[in-house]
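Open the model in your viewer and keep the selection tool ready. This tour goes stop by stop.

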Amino acid sequence: MKAIILTLCLLACAAAAPAIDDKKKGKSRPDLSGTWQLDRSKSKYGLFNDLPLSKADSALVVEHKDPELKIRRTLSLKEQQEVNEFAYYTDGRGETNQATLGVGEVKSKTKWDGDKVVSEARATRPGLSNSDHLDVTQMWRVSSDGKTLTHTTLIHGKVGEVEGVQELKLVYRRAQ
């Protein structure tokens, strides 16, 4: 009888353990939802410093219901406006979005890495061979006070005449 009770207790504890772990994971994963305005003074454009992107006002509207992360980006420059929508899935199932820089579509896989969302993609340049590609890593992280969203993009490969890793770091402050 004691063996049966002990076995039932162990099974109950084993069944509860994943639920406890899920709660811990949930607490360590911030909600990226909100409306965010670009703070150009804190952003770094690297090689892209002379492109219109670095001069544009940018706003993000983020809807985050894990595992789904939807981002609506509005770029405004000289009375012109461009709106793009992106969807990511933090469970690693994969997604296809419009390229954030350039033209075409990009297939990526997204997951959590600690307190940040990380999306990895390989983009083949249009009109060139499959061997001519860029590996792109995007990361989104909310500050501990919830007032800042940092979107970092690392581009591995040859950009123009420069080869190596290029970084684009956009810092947004919470508008709502």
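Buried means under 20% relative accessible area, exposed means over 50%, and partly exposed lies in between (1.4 Å probe, protein chains only). This is a predicted model: local features need pLDDT of at least 70, side-chain atom pairs count only at pLDDT 80 or more, and totals for chains, interfaces and linings use all residues. Residues are numbered from 1 along each chain as its sequence is written, and side-chain values use heavy atoms, with hydrogens and water left out.

Select Glu-79. Its phi is positive, about 65 degrees, although Glu-79 is not a glycine. Look for it in the loop between S3 and S4; strands are DSSP runs of E, at least two residues, numbered from the N terminus. Glu-79 counts as exposed because its relative accessible area is 87%.

Step back to Lys-78. Lys-78 also sits in the loop between S3 and S4. Here phi is positive at about 50 degrees, and again the residue is not a glycine. Lys-78 is exposed, at 76% relative accessibility.

Next, select Asp-66 and Pro-67. The peptide bond from Asp-66 to Pro-67 is cis, with omega near 15 degrees. Pro-67 is placed in the loop between S2 and S3.

Now go to the core. A nonpolar core is a set of buried Ala, Val, Leu, Ile, Met, Phe, Trp, Tyr and Cys residues joined through side-chain atoms within 4.5 Å. Which members of the largest one touch the most others? Of its 25 residues, they are Leu-32, Val-62 and Leu-149. S8 (133–142) is one of the strands that supply at least two residues. S8 gives the most, with four.

Finish on Val-62. Its contacts (heavy atoms within 4.5 Å) include Leu-32, Trp-36, Ile-71 and Leu-149, not counting residues up to four places away in sequence.
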